[in-house]
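Biologist: Please walk me through this structure. I am new to it.

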Amino acid sequence: MNIQQQRKQYFIENLQAQGLTHEQVIATERQLAKFANTMDSLVRIPFTKQGLGVDAALSTVPVLGDLAGFMLTSYAFVLGRRLGVPSSKMTPAVKLALMDMLLGVIPVAGTVTDIFIRPSRKTLDIVHEHIVQEYGIDNTAHIERPFLHEALEAKQRQSAIWRNPIMAWLYLHIPDILGLIVIVIMGWLMWLFAHWLVDVFGRVTGF
């Protein structure tokens with residue numbers, strides 16, 4: 001048995017030991033990604049990788065909001081444990097959640113720090129690293145675009161068209177395609193505006 005076969009067998013045995021299938025791991029990690037997006041980056045700040053989510057909104061309510069945010073974040077830990085992630089690996093995310101809760105009681109400053117302290121996102125990173133190392137599942141489409149990925153799976157069950165790799169790729173990248181279209185349109189409008197300004201300047205100055 002070569003090294004590749006040994007690694008494959010290792011991953012299979014780890015999945016069996018946890019009572020999991022490949023499909024269950026994907027579905028649970030996608031559920032965690034959806035939760036992390038909702039909690040920490042539901043609305044992304046333009047031109048940054050930072051975002052605002054339910055956690056930041058809750059932090060605007062003194063003390064009670066921060067406690068509620070911590071309790072909700074605990075759901076991410078539950079999902080991680082379902083995937084067989086040891087408690088010791090989850091410790092950094094738990095500490096971050098506690099720090100988030102404690103800093104959240106500070107008026108204004110606590111709300112601002114919620115933008116940068118993202119325990120649910122940290123949990124997702126830890127879980128994904130574990131899944132790659134222990135189960136050999138390294139694809140990321142289901143966590144980068146969890147809502148679209150789930151919708152695509154439903155479409156694939158209904159029609160073979162969506163099982164085509166090209167159609168699947170196009171569907172998952174709808175936001176990127178739309179963003180590119182918007183950029184092109186904005187660039188074209190800016191060019192038209194600049195051309196108009198030059199024309200007006202020429203008529204006014206005689207140049």
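Modeller: First, a term: helices are DSSP runs of at least four residues, numbered from the N terminus. Note too that this is a predicted model.

Biologist: How many cavities of 30 Å³ or more does a search find?

Modeller: The search covers the whole structure. The largest cavity holds about 50 Å³ of space. The number of cavities of 30 Å³ or more is one.

Biologist: Which element gives the largest share of the lining of the largest cavity?

Modeller: The lining has 10 residues, and Asp55, Asp66, Gly69, Phe70 and Asp100 are the closest to the cavity centre. Two elements give two or more residues each: helix H4 (64-82) and helix H5 (87-104). The largest share is four residues, and it comes from H4.

Biologist: By class, how many residues in that lining are charged?

Modeller: Asp counts as charged, while Gly counts as polar. The lining has four nonpolar and two polar residues. The charged residues number four.

Biologist: Now the surface. Which element gives the most to the nonpolar patch?

Modeller: The patch covers about 1200 Å², and its residues include Trp169, Leu170, Ile185 and Trp191. Helix H10 (165-172) and helix H11 (174-205) each give two or more residues. With nine residues, the top contributor is H11.

Biologist: Is leucine 170 buried, exposed or partly exposed?

Modeller: Leucine 170 sits in helix H10. Buried means under 20% relative accessible area, and exposed means over 50%. Leucine 170 has 36% relative accessibility, so it counts as partly exposed.

Note on methods: Residues numbered from 1 in each chain as written. Predicted model: local features only at pLDDT ≥ 70, side-chain atom pairs only at ≥ 80, totals over all residues. Heavy atoms only, no water. 1 Å grid on protein atoms, 1.4 Å probe; cavity = no way out; pocket = protein on both sides within 12 Å on 5 of 7 lines; lining within 4 Å. Points joined across faces, edges and corners; volume = space filled by probe spheres on them. Patch = residues over 30% accessible without salt bridge, like charges linked within 9 Å, V, L, I, M, F, W, Y side chains within 5 Å. Areas by Shrake-Rupley, 256 points an atom, 1.4 Å probe, with all protein chains shown as cover. Salt bridge = Lys/Arg side-chain N within 4 Å of Asp/Glu carboxyl O. Buried < 20%, exposed > 50% of the residue type's maximum accessible area, 1.4 Å probe, protein only.
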